[in-house]
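Here is a friendly walk through one protein model. Please keep the sequence and the 3D view open as you read.

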Amino acid sequence: MSTHRFSTLAPLPLSKVKLEGGFWGARQELNRAVTLPIEYEQLKGTGRIDAFKLDWRPGQPNPPHQFWDSDVAKWIEAVGYSLATHPDPALERLADEVIALIVGAQQPDGYLNVHFTVVEPQNRWKNLRDMHELYCAGHLMEAAVAYYQGTGKRTLLDALCRYADHIATVFGPGEGQKRGYPGHPEIELALVKLYRATGVERYLRLAQFFVEERGRQPHYYDLEAAARGETEKPRWMLGGYSYNQSHLPIRQQTTAEGHAVRAMYLFSGATDVAAETGDAELLAVMEGLWRNVTLRRMYLTGGIGSGAAGERFTYDYDLPNDLAYAETCAAIGLVFWAQRLLHCTGDATYADIMERALYNGVLSGLSLDGRRFFYANPLEMNPAALAGRPDLFHPIVQAQRQEWFGCACCPPNIARLLASLGAYLYGQSEDALYVHLFTPGQAEFTLGGQAVILRQETDYPWGERVRLTVHPARPATFTLALRLPGWCRGARLTVAGTPQDVQPLLRRGYIHLARRWQPGDVVEWTLPMPIECVYAHPAVRADAGRVALQRGPLVYCLEEADNGPLLHDLALPREAELRATWEPELLGGVVTLSGRALRRDPAGWENALYRPNVHATRAVAIKAIPYYAWANRGAGEMLVWLREACP
Ligand SMILES: [Zn+2]
């Protein structure tokens with residue numbers, strides 16, 4: 001086993017990382033001030049919060065759904081993260097009230113699930129395949145840990161420890177225990193968080209059990225289905241057990257299959273287990289699955305799970321743009337997994353994908369005003385097709401973001417990610433601080449025996465320069481490791497006023513600056529951001545003959561609002577000159593890309609559907625905006641992959 005596998009980077013505690021304005025700081029503040037309050041109203045208005053009062057009775061409308069606990073839990077988790085850096089007494093009071101309701105719903109044996117307490121109490125733990133009992137438990141555990149770490153309050157943490165203890169008596173390899181595991185993974189990563197927060201090893205062992213037991217024969221889901229008297233698998237479970245990644249034991253899996261969110265949560269939990277137990281073989285399995293996802297099954301935006309039927313991975317290079325499902329939660333799950341592999345390996349490849357997903361496929365899930373959400377994130381939109389071919393499109397693929405969903409996983413998921421973004425910016429090892437992402441703010445850590453404050457100033461991703469100022473309490477020797485983004489060529493570096501040669505300092509995608517830091521030392525990191533024309537692998541049918549525009553970490557798209565309809569008829573000449581322009585008034589302030597492309601002349605087509613030898617084109621101005629900002633100016637066409645004009 002190579003020693004670099006477990007470089008054991010750890011994120012800085014959230015309370016030690018402050019985002020101050022800039023691209024992400026502004027979004028985190030919007031999340032706190034707008035998104036979290038409106039999500040509370042939705043959770044309250046739809047009955048999800050009051051369901052914890054357990055006063056629903058058979059025959060009444062709006063029975064508590066099996067996912068509901070998780071929606072509320074993710075909101076509390078987000079509030080916990082937010083309170084770690086930003087005191088907000090009103091928000092905290094709301095969360096405390098919700099927590100009191102949740103804890104009040106706990107049963108004497110520790111069990112805690114609204115649906116199975118009031119709707120079908122006779123069916124506890126009888127259908128792990130389809131129902132979301134262990135999934136909801138996992139989300140409540142994540143909420144408990146986040147709220148404890150953000151506020152110091154233990155009420156929810158203690159309740160969830162009792163629930164975890166109960167689950168550990170029901171499930172496991174012992175005699176009389178169930179050898180089952182969740183149909184929707186999530187509790188695995190949550191149990192590792194609970195273990196890290198409490199030091200109780202039983203929780204880590206249970207996470208390991210759930211990861212390892214999955215997919216073994218005789219198949220648990222066959223056994224429990226037989227016990228329920230069922231003979232057929234449900235129709236929605238497309239692809240059989242690969243739908244929920246239980247088609248094989250995890251160590252035998254080499255391709256990412258099935259429901260993409262489930263896959264991401266499972267792989268995140270399995271990576272956590274590998275990290276905590278030093279399991280190099282399991283980590284190697286995860287790295288193989290990662291390569292399958294990111295080299296064959298991922299959109300340019302970091303979106304994954306291209307198939308709407310089953311919200312799932314399909315097959316290698318199957319990345320249709322208009323039919324893309326690419327659930328917001330799946331891109332969020334990819335960020336979770338990327339961060340874990342990054343912290344196990346110290347390899348910037350993972351940070352590159354984490355950044356790609358964050359700036360594109362995750363952020364597109366949220367409107368600029370913080371009030372509306374996409375569930376699916378296609379790379380091409382034609383509202384006429386959506387309306388005219390409802391048979392082709394999943395109903396949740398929409399041209400406009402929505403205020404809420406019946407299955408409301410995405411809105412609180414994006415809220416908890418934005419609230420916890422500070423945990424994704426840095427990683428600390430014994431002797432180094434790694435800077436993964438660039439955004440203005442401040443981090444506090446201890447290295448070289450000194451408390452150190454690191455300040456970042458930058459207008460990334462619009463501008464190319466990142467200025468880092470290092471403030472150790474006294475001069476201190478340690479390494480500052482700066483990520484060189486995979487998309488960047490020709491980076492320039494100055495340390496304390498002296499230009500440095502970048503290449504000799506580069507290891508696994510990070511520039512390693514080992515020195516004795518003096519208070520006030522400044523590092524200038526310049527990351528040139530030319531406009532790039534990007535092409536897809538020749539096997540990606542949907543992108544053949546097409547080109548996408550990218551600048552820095554941002555993927556761009558064309559919208560009807562700027563370019564008129566029939567975006568598919570535009571063709572970009574290979575030698576087209578494109579320029580980047582900062583437009584402070586547009587879409588909250590964005591850098592747009594503009595230039596000229598070719599369109600066919602509409603003349604002569606009035607009375608024809610087909611005509612021979614029509615090659616005349618005219619040059620037209622085009623303007624591209626960052627993909628994340630699409631659909632903020634009404635419904636219209638959108639296109640990421642443009643045709644390339646024949647040279
Ligand atoms: Zn979702």
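The sections below cover helix packing, the nonpolar core and some backbone details.

## About the model

This is a predicted model, in which local features need pLDDT of at least 70 and side-chain atom pairs count only at pLDDT 80 or more, while totals for chains, interfaces and linings use all residues. Residues are numbered from 1 along each chain as its sequence is written, and side-chain values use heavy atoms, with hydrogens and water left out.

Two packed helices are described by the angle between their axes and the distance between the axes. Helices here are DSSP runs (H or I, at least four residues), as are strands (E, at least two), numbered from the N terminus. Axes are lines fitted to C-alpha atoms, for helices over the stretch in contact, with angles from 0 to 180 degrees between N-to-C directions.

Start with helix 10 (residues 260-277) and helix 11 (residues 280-296): their axes come within 9 Å and cross at roughly 150 degrees. Helix 10 and helix 11 are therefore roughly antiparallel (an angle over 145 degrees). Contact means heavy atoms within 4.5 Å, and residues including Met264, Phe267 and Val273 of helix 10 meet residues of helix 11, among them Leu282, Met286 and Leu289. The residues of this contact divide into 10 nonpolar, one polar and no charged. Nonpolar covers Ala, Val, Leu, Ile, Met, Phe, Trp, Tyr, Cys and Pro; charged covers Asp, Glu, Lys and Arg; the others, Gly among them, are polar.

Helix 10 also packs with helix 7 (residues 187-198), at an angle of about 35 degrees and with the axes 7 Å apart. The residues of that contact divide into six nonpolar, two polar and four charged.

## The largest nonpolar core

A nonpolar core is a set of buried Ala, Val, Leu, Ile, Met, Phe, Trp, Tyr and Cys residues joined through side-chain atoms within 4.5 Å. Which residues touch the most other members of the largest nonpolar core? They are Ile167 and Trp525, out of 229 residues. Helix 12 (residues 328-345) gives the most to this core, with 12 residues.

## Backbone details

Two cis peptide bonds are worth a look. One joins Gln217 and Pro218, with omega about -10 degrees; the other runs from Tyr460 to Pro461, with omega near 10 degrees. Pro218 sits in the loop between helix 8 (201-213) and helix 9 (220-228).

Gln245 has a positive phi of about 60 degrees although it is not a glycine. Gln245 counts as buried, at 0% relative accessibility (buried means under 20% relative accessible area, with a 1.4 Å probe and protein chains only).

Note on methods:
Angles under 35 degrees count as roughly parallel, over 145 as roughly antiparallel, 65 to 115 as roughly perpendicular and the rest as oblique. Buried means under 20% relative accessible area, exposed over 50%, partly exposed in between (1.4 Å probe, protein chains only).
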